[in-house]
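Thanks for asking me to look this one over. Here are my notes, as numbered points you can follow with the structure open beside you.

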Amino acid sequence: MRMIGTLNEEGLARRLADHLVASRMPSHIEQGRDGWQIWVEHDDHLDAARSALSHFLTNPLDPRFDSASHAERLRREEQKRAEQLRRNYRDVRTTWASNANRATPVIITCMALCLIATLVTQFGQNAIPVTQWLWFSSFESASEKGLFAQILGGQVWRIITPIFMHGSIIHLIFNLSFSFWLGGLIERQKGSVYLLVLVLVSGVVGNLTQAIWSGHPAFLGFSGVAYALFGFAWIRHKVAPHEGIGVDPFTVGMALAWLVLGFTGMMPIANGAHVGGLIVGLIAGYAPRILRKH
């Protein structure tokens, strides 16, 4: 902000300021000891404003300086824009603040089910009857009747229950910590029903993908859902950053590197569940943008 000059009369100072505003050079006047000071708000307007002052001093009654009504309209428009920006900023801050304290019952329940199922099955030990009850299919049924026979026969819980079992303490801790962080973030911002649907859909799709991919019922873990949460957060950060849902570049790199590592065969990883879950998350994250276009 720079002062370009001083005029003795308030009316003349306002007349010049109105002309500057109407010429898209934001300005205002202030009373000083030697008269009324004219200030321009942006330095890049300084030369043009000084030129206008020079012409104004030559003939302050020139009709081209009759800009009061135009300047007033522009000031009202700018005031409305500023008020809207303040209101939007306040609304977003309020929403984020309230969401930060929102309970996350869905993700907490999922984590509890993972812990219970893992301990009860003693990390997925097939000799324990409850483990066979939670597999996508029991081994005996899969070999005799096919992988989908029990589900099609009415044991529909099998299509989702493998996500709650884990094969080791490291497997359990890794999935729970990653999913609790992302799941809590999504549940606070999008709501519990939204997260529940995302977990169920990604869990089912991941399990179906893994079953078809491997042709075997022995797979377990919440990582397919974790990849759905990751994919959702990754896309929402790009298309709707104002929602406050996102993952940092390091996490993106690690998640994608782990996904690729699974295809090397170095470790027994449920690649189908990872890919299926990731696709669900990416679609869920990008779908609102597509729907808005239509």
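1. Let's start with Leu-152, which sits in helix H7, a run covering residues 149-152. Bear in mind throughout that this is a predicted model. Is Leu-152 buried or exposed? Its relative accessible area is 74%, and the cut-off for exposed is over 50%, so Leu-152 is exposed.

2. Together with Phe-148 and Ile-212, Leu-152 forms a nonpolar patch.

3. Now step back to the whole chain. The protein chain holds 12 helices and three strands. Its C-alpha atoms occupy a box of roughly 100 × 35 × 35 Å along the principal axes. The radius of gyration is 32 Å, whereas a compact globule of 294 residues would come out near 19 Å.

4. A few totals go with that picture. Of the 294 residues, 42% are buried. The accessible surface of the chain is about 16,300 Å², and carbon and sulfur atoms account for 62% of that. If you take contacts between residues at least 6 apart in sequence, 71% of them link residues at least 24 apart.

5. What does the side chain of Ser-27 reach? It comes to 3.3 Å from the backbone oxygen of Ala-17. Setting aside residues up to four places away in sequence, Ser-27 touches Ala-17, Leu-20, Val-21, Trp-39, Val-40, Glu-41 and Arg-75.

6. Glu-30 is found in strand S2 too. With a relative accessible area of 34%, Glu-30 is partly exposed. The Glu-30 side chain makes a polar contact with the side chain of His-28, at 2.9 Å. Beyond residues up to four places away in sequence, Glu-30 touches Gly-35, Trp-36, Gln-37 and Trp-39.

7. Next, please look at Asn-175 in helix H8, which runs over residues 169-190. Asn-175 counts as buried, because its relative accessibility is 2% and the limit for buried is under 20%. Which residues does Asn-175 contact once neighbours within four places in sequence are left aside? They are His-166, Gly-221, Phe-222 and Ser-223.

8. Two backbone angles are worth a glance. Arg-24 is not a glycine, yet its phi is positive, at about 65 degrees. Arg-24 lies in the loop between helix H1 (10-22) and S2, and at 56% relative accessibility Arg-24 counts as exposed.

9. The other angle belongs to Gln-122, a residue other than glycine whose phi is positive, near 50 degrees. Where is Gln-122 placed? It is in the loop between helix H4 (105-120) and helix H5 (129-134). Gln-122 has 49% relative accessibility and counts as partly exposed, because exposed requires over 50%.

Conventions
Residues are numbered from 1 along each chain as its sequence is written. This is a predicted model: local features need pLDDT of at least 70, side-chain atom pairs count only at pLDDT 80 or more; totals for chains, interfaces and linings use all residues. Side-chain values use heavy atoms; hydrogens and water are left out. Patches are made of residues with over 30% relative accessible area and no salt bridge: like charges are joined within 9 Å, nonpolar side chains (Val, Leu, Ile, Met, Phe, Trp, Tyr) within 5 Å. Accessible areas come from the Shrake-Rupley method with a 1.4 Å probe; for residues, only the protein chains shown count as cover. A salt bridge is a side-chain nitrogen of Lys or Arg within 4 Å of a carboxyl oxygen of Asp or Glu. Helices (H or I, at least four residues) and strands (E, at least two) are DSSP runs, numbered from the N terminus. Buried means under 20% relative accessible area, exposed over 50%, partly exposed in between (1.4 Å probe, protein chains only). The radius of gyration is taken over C-alpha atoms; the globule rule is 2.2 Å times the number of residues to the power 0.38. Contact means heavy atoms within 4.5 Å. A polar contact is a pair of N or O atoms within 3.5 Å; within protein, one must be able to donate a hydrogen and the other to accept it, and residues adjacent in sequence count only if both atoms are side-chain atoms.
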